[in-house]
Amino acid sequence: MARKGGKPGARRQREAALAGKVQIPLAHYDAAGMGRRMTSWRPPSSGPNSSLQGLQTMRNRQRDAERNEWQAASGVRVWSTNLIGTGIQARQTAGSEELRARAKTSWDEWTAQCDADGVLNFNGQQLLGTRCLTGVGEVFIRFRPRRPEDGLAVPLQVQLLESEMVPPLDADVWPGLMPGNRIVQGVELNRINRRVAYWMYRNHPGERAGMARPNELVRVPAAFVRHVYEPSRPGQLRGVSEFAPIIAKLRGVGNFDDAVLHRQELSNLFTMFHIRPAPAGDPMMNPLTGMAVTGYADNGAPLATMEPGITQELYPGEDVKFSDPPDAGANYADFMRQQHLGVSSGSGLPYELMSGDIKDVSDRTLRVVINEFRRRCEQRQWLTIIPMMCQPIRDFWAESAALAGVFTAAEVPLVKKVTWQPQGWAYIHPTQDATGKKIEVDAGFRSRESVITERGDDPDEVDAQIARDKFAPCNKTA
C-alpha cells in the first residue's frame with residue numbers, strides 16, 4: 001500500500017508492481033523519475049563524440065554571432081585579452097649562463113619569423129590561437145619544417161589552422177588509412193586509441209563549395225600537429241565552442257534589442273499628416289499634369305522619402321493610419337540586463353567585464369568578481385594554453401634548432417626546460433596590493449622572485465636593471 005503523501009508517479013509504480021503487472025525499479029533521485037513533471041525530458045545517452053553531431057553548424061552560428069552581436073564579440077575579446085595580454089613569455093631556467101643567453105638570443109630572433117603566413121610573431125599567434133579556442137572551441141597547430149636556404153634563424157615555422165581544416169570524418173576504411181586504424185572526427189587512431197595522424201584539407205573548405213573527397217584530404221602525422229582544445233568529457237576528440245550553451249539565447253536577445261530599436265526609429269519618422277479633400281474627377285489622376293499618380297519616379301524611387309520629423313502631404317482622398325506600438329517600457333533596462341547576465345555567465349565571463357557596466361558595483365565586490373575570473377584564467381593558461389600550445393612549440397623549436405646546429409643533442413633537454421610567464425595582472429588597488437606583497441616577502445611567506453615572476457617579469461633582468469640604476473652616474477647640473 002502506497003504511503004500517504006508519497007509522490008503520484010512513485011505510488012503508481014508501486015501499485016503496478018504489487019499487482020504483478022510490471023516490474024519497474026523505483027527512482028531514488030527526482031532527476032531519474034518518470035512522473036508527470038519529468039516524463040517529457042528524455043535526453044539521448046550519446047557518447048563524447050557522437051554528441052558532437054552538428055558541430056559545424058554550431059561553429060557557423062558562433063562566428064556569425066561574433067561578427068554581428070556585441071556580446072559574442074566582447075566575450076571572445078575579453079577572454080583572449082586576459083588569457084594572453086601581450087604574450088606568455090618563456091624564461092630559460094636550466095643550463096649554464098652561456099647556454100641560457102644563447103637560447104634566448106636564438107628564440108627571440110626566431111619568434112619574429114615563426115608565422116608560416118608571414119603576418120604575426122609568436123605572441124600574436126598566441127592571441128590568434130586563443131581567439132579560436134575561446135570562440136569555436138579549438139585550433140590546430142601545424143609545424144612546417146623549412147629549408148636551410150630559407151634564411152630563418154631556425155628552419156621551422158608554425159601554421160595556425162581553423163577547425164574546419166580537419167573535417168568530422170568517420171571511417172574504418174579510407175584510401176591511405178593504415179590497417180587496423182580508424183578515423184574518428186577527422187583524427188586517425190591506432191588500436192590503443194592513440195592519435196597517430198590528422199586528415200586535413202589542402203585548403204580551407206569554406207573558401208569553396210564541395211564535400212570531402214579522398215584526393216582533397218592529406219594525412220598529416222600527429223608528430224607535426226598539436227590540437228588545442230578543452231575536453232569536457234573523457235574520450236572527447238574535438239573542441240566545442242565556449243558559447244554553445246548561450247548561442248540561442250544570445251541571438252534571441254539580440255533580435256529583441258534590434259526590434260525595440262527599429263520600433264523606436266519608425267515611431268519618429270512622421271510627426272504630422274496633412275489630408276486634403278478629394279477633388280471631383282478621377283482621384284488617381286494629377287489635375288495639373290493629367291498623369292496617373294503613382295508616388296514613384298521613373299527610376300522606381302519614392303518621390304518623398306521617410307525622414308525624422310517629416311511633414312508629409314498626401315494626395316487628395318488618401319489617408320494613412322499607423323499602429324501605436326508601445327515604447328521600450330520602464331522595465332526594458334532591467335530585462336536586458338538580466339538577459340545579459342545569463343549570457344555572460346554562460347560564457348564564463350563576469351558581467352561587468354563583458355558589458356563594461358560597473359554601475360552600483362562597490363570596490364570590494366568588483367575585487368571578488370575579478371579575482372574569481374583571474375583564477376579561471378590561470379586555470380586555462382596553465383592547463384590548456386601553456387601545455388598544449390606554448391610548450392609543444394618550444395620543444396619542436398629546440399629539436400629543429402639542434403638539427404640546424406644551433407644546439408648540441410645534449411643541450412636540447414636543457415633548452416626545453418623553461419618557465420612560462422603570463423603577463424602579470426594589473427593591481428586593483430596599487431597601494432594595498434603592493435604593500436600586501438611586501439609584507440608576505442618580509443614575513444617569509446613567499447619569495448621575492450615569485451612576486452617578480454607573478455608580474456610577468458624576469459627576476460634576472462629586474463636585478464640587472466636595479467644594479468644599473470644603482471651604479472649609474474648621477475646627472476649633475478652646473
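Student: Why is N193 called partly exposed?

Tutor: The relative accessible area of N193 is 48%, and because buried means under 20% and exposed means over 50%, a value in between is called partly exposed. Keep in mind throughout that we are reading a predicted model.

Student: Where is N193 found, and what is its phi?

Tutor: N193 is found in the loop between β5 and β6 (195-201), and its phi is positive, about 60°, although N193 is not a glycine. As background, most residues other than glycine have a negative phi.

Student: Which loop holds Q185, and what is its phi near?

Tutor: Q185 is found in the loop between β4 (182-184) and β5 (187-189), and its phi is near 55°, again a positive value in a residue other than glycine.

Student: Does Q185 count as buried or exposed, and how do you know?

Tutor: The relative accessibility of Q185 is 5%, and because the cut-off for buried is under 20%, Q185 counts as buried. Leaving aside neighbours within four places in sequence, Q185 is in contact with N49, V166, P167, P168, L169, D170 and R238.

Student: How much of the protein chain counts as buried?

Tutor: Of the 478 residues of the protein chain, 34% count as buried, and the secondary structure of this chain comes to 13 helices and eleven strands.

Student: What makes a set of residues a nonpolar core, and which residues touch the most other members of the largest one?

Tutor: The members must be buried residues of the listed nonpolar types, joined through side-chain atoms within 4.5 Å. The largest such core has 48 residues, and the members that touch the most others are W110, I141, I385, I393, W397 and W420. Helix α9 (residues 363-403) provides the largest share of this core, eleven residues. Another core lies apart from it and has 21 residues, among them L189, Y198, Y201 and L217.

Student: Which residues does I393 touch?

Tutor: Not counting residues up to four places away in sequence, I393 touches W110, F122, I141, F143 and V158.

Student: Why is the pair of W107 and F122 called edge-to-face?

Tutor: Their ring centres are 5.3 Å apart, which is within the 6.5 Å needed for a pair, and their planes stand at 75°, which is over the 60 degrees needed for edge-to-face. The pair is therefore edge-to-face, and by this rule the count comes to eleven aromatic pairs.

Student: What makes this pair a tie between parts of the chain?

Tutor: W107 lies in helix α4 (residues 97-111) and F122 in helix α5 (residues 122-135), so the pair ties together parts that are 15 residues apart in sequence. W107 counts as buried at 5% relative accessibility, and F122 is buried as well, with a relative accessible area of 4%, because under 20% is the cut-off.

Student: How do you know whether the pair of F143 and F396 is stacked or edge-to-face?

Tutor: The planes of F143 and F396 are 10° apart, and the distance is 4.2 Å centre to centre; because planes under 30 degrees apart count as stacked, this pair is stacked. F143 belongs to strand β2 (residues 138-145) and F396 to helix α9, so the pair links distant parts of the chain, 253 residues apart. F143 counts as buried at 2% relative accessibility, and F396 counts as buried at 13%.

Student: Which residues do ring pairs link into a cluster?

Tutor: The cluster consists of W107, W110, F122, W397, F407 and W420.

Note on methods:
Residues are numbered from 1 along each chain as its sequence is written. This is a predicted model: local features need pLDDT of at least 70, side-chain atom pairs count only at pLDDT 80 or more; totals for chains, interfaces and linings use all residues. Side-chain values use heavy atoms; hydrogens and water are left out. Buried means under 20% relative accessible area, exposed over 50%, partly exposed in between (1.4 Å probe, protein chains only). Helices (H or I, at least four residues) and strands (E, at least two) are DSSP runs, numbered from the N terminus. Contact means heavy atoms within 4.5 Å. Rings of Phe, Tyr and Trp (its six-membered ring) pair if their centres lie within 6.5 Å; planes under 30 degrees apart count as stacked, over 60 as edge-to-face and the rest as tilted.
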